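Hi,

Here is the structure I promised to pass on to you. Have a look first, and then read on for what turned up in it.

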Amino acid sequence: VTAKAALEVLVMEGLIQHYGLFVVMLMILAGALPSGFSQTTRRFQFNVEWKNVTRLCSTKPLLTVNGEYPGPTIAVHEGDHVEIKVTNHIADNTTIHWHGIRQLRTGWADGPAYITQCPIRGGKYYTYKFTVQHQRGTLWWHAHYAWQRASVYGAFIIHPRMPFPFSAPIQDEFPIIFGEWWNGDVDEVEKEMVKYGGGPNISDAYTINGLPGPFYPCSKKDTFIKTVEHGKTYLLRIINAALNDELFFAVANHTLTVVEIDAVYTKPFTATAIMVAPGQTINVLLTANQVPDSSGTFLMAAWPYLTSVFPFDNSTTAGFLRYKNTVTENIKHPQKMLSTFEPNKYNLPKMEDTKFVTKFSDKLRSLASPQYPCTVPKTIDKRVVTVVSLNLQDCPANKTCKGYEDKRFFASMNNQSFVRPSLSILESHYNKLRNNEYSTDFPEKPLKPFDYTGVDPVSENMNTQFGTKILEVPFGTNLEIVLQGTSFLNVENHPIHVHGHNFFIVGRGFGNFNVAKDPAKYNLIDPPERNTVAVPTGGWAAIRFKADNPGVWFIHCHLEEHTSWGLASGLIVQNGPRASQCVLPPPKDLPSC
């Protein structure tokens, strides 16, 4: 048996396991999967480099990939092998994370610095190699070192081998990538925050595809405009790449049909607006079925979903849908540039509208069809309850601290504030190094239970412990993690991202999780499948998944300030008994620390 034939057998076995034999045979008959299966390798070149970029009347050197902001779109097909050579042309270290890609057995290509690899040093390169297996839809990629993802990010599109499971004919598709813009140096914002323990300086603007839009200074020309045809349907691939803000998004006078979240099909439903947390993606269908006014345009806009008392960027990014064959079609920038913004007029919920977010989240359901089954574990081997918290640390002697009451802000999971080691955890784990870089004694429940969401926000002792404690489970463990928010400093929505696995959000609620009552209310039929969960403000979320991807996987809040404060941990999934259930050997060009 040749190596190629063996690979084809393994791939086919995986497809049968995922789709079922009948569906795979239909795929072969339909030509979606050749009977003589051959894998396509798609190669990309990423150059991490500085480029002068002007926004909001301000020009500054901006960290980019290939001089593009946002970065280039990676477009592949389900089943493709992908190779992306990343060359670092700057003095600082860097890494790239392919957000939501499962990285089955290829954790070396996942990207988070000091978790699965040491950073790529200045003047060096590293080729990320992985296969896109059993995934299709919209994901994204971003830098995973310090706060570099403020500008180093882009879309990662996986075209399906099978037709979409919805019937609407799609005229066109396009990404809507939300970001944040700072007039100053983002690296200095992070350094100031880490040095003094205060909150970071807020961004100066939100952006759509790198463009702020008409409500910011000097930005009428920097406005995203998409031309559409009346009666046609469009697929919007929406990505929240913002550093520190959940966002609402809506299109004036239009209805959005949600069909996918985090590259997983959902039961379709309509909404006037959506909420998307940092790290999450949502695909929606939009039909251009409205009659525009004399401007020929409709406003599309995003602004923050507010759950925190901390300072935030209280502004709105906007673009336009421009209807084709109107008198304004050839005008470069629409004249409908409003000096004031009325959110209700444009379908946007109020910033504090947690009720809308709850109803929207309740509608998200897995497709759970024969072709796309919902594989949520009905039973579990282990339940981990972790308290997701902000913390307030006493200021060390002879130091200046700029947090609340002249203390330092930190964040934690089960009162463990994560510290990155000096060598990547995956290397230590793979090579069986016992070097005190990490330990596998992460507490599986709160050490001292208390009224998590009812405690006084500022009067309690909120000092945390520091270390690199992570969780370790055997291959194939059916794992449940309950993410419990607190009211320390303030209640807040936390988008928690799990690397290396998709999970099912089987339950959510406000207040404190009740292990005796809440599991009985879980949705084990068609819960939403995601890679990033927005833990409700002042509440909890329970996620389940089968830990069937061997390696080391980062778990962290996707609000970058919280990750910097230590709101993170990790998961080791041990190798399974078969060779196909073990981490592959590290690549030869893996960067060294």
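**The sheet and its strands**

Strand S1 (residues 41-55) and S2 run antiparallel and are joined by eight bridges. Within that pairing, Leu63 in S2 lies opposite Trp50. The two strands make a hairpin with two residues between them, and Leu56 in the turn has a positive phi of about 55 degrees.

S1 also pairs with strand S4 (residues 81-88), this time in the parallel sense and again over eight bridges. There, Arg43 has Glu83 in S4 as its bridge partner.

Put together, the order is S2-S1-S4-S6 in an open sheet of four strands with mixed pairing. S2 and strand S6 (125-131) are at the edges with a single partner strand each, so one side of each has no neighbour in the sheet. On average, neighbouring strands of this sheet are turned by 20 degrees against each other, ignoring direction.

**Before you set anything up**

Please keep in mind that this is a predicted model. The mean pLDDT of the protein is 92, with 91% of its residues at 70 or more. Residues 1-19 stay under 50, and the model has 27 contacts for them beyond four places in sequence. Residues 27-37 are also below 50, with 19 contacts in the model beyond near neighbours in sequence. Where pLDDT is low, the predicted coordinates should not be read in detail.

Best wishes

Notes: Residues numbered from 1 in each chain as written. Predicted model: local features only at pLDDT ≥ 70, side-chain atom pairs only at ≥ 80, totals over all residues. Heavy atoms only, no water. Pairing = 2+ DSSP bridges. Axes fitted to C-alpha atoms, helices over the stretch in contact; angles between N-to-C directions. pLDDT = per-residue confidence, 0-100. Contact = heavy atoms within 4.5 Å.
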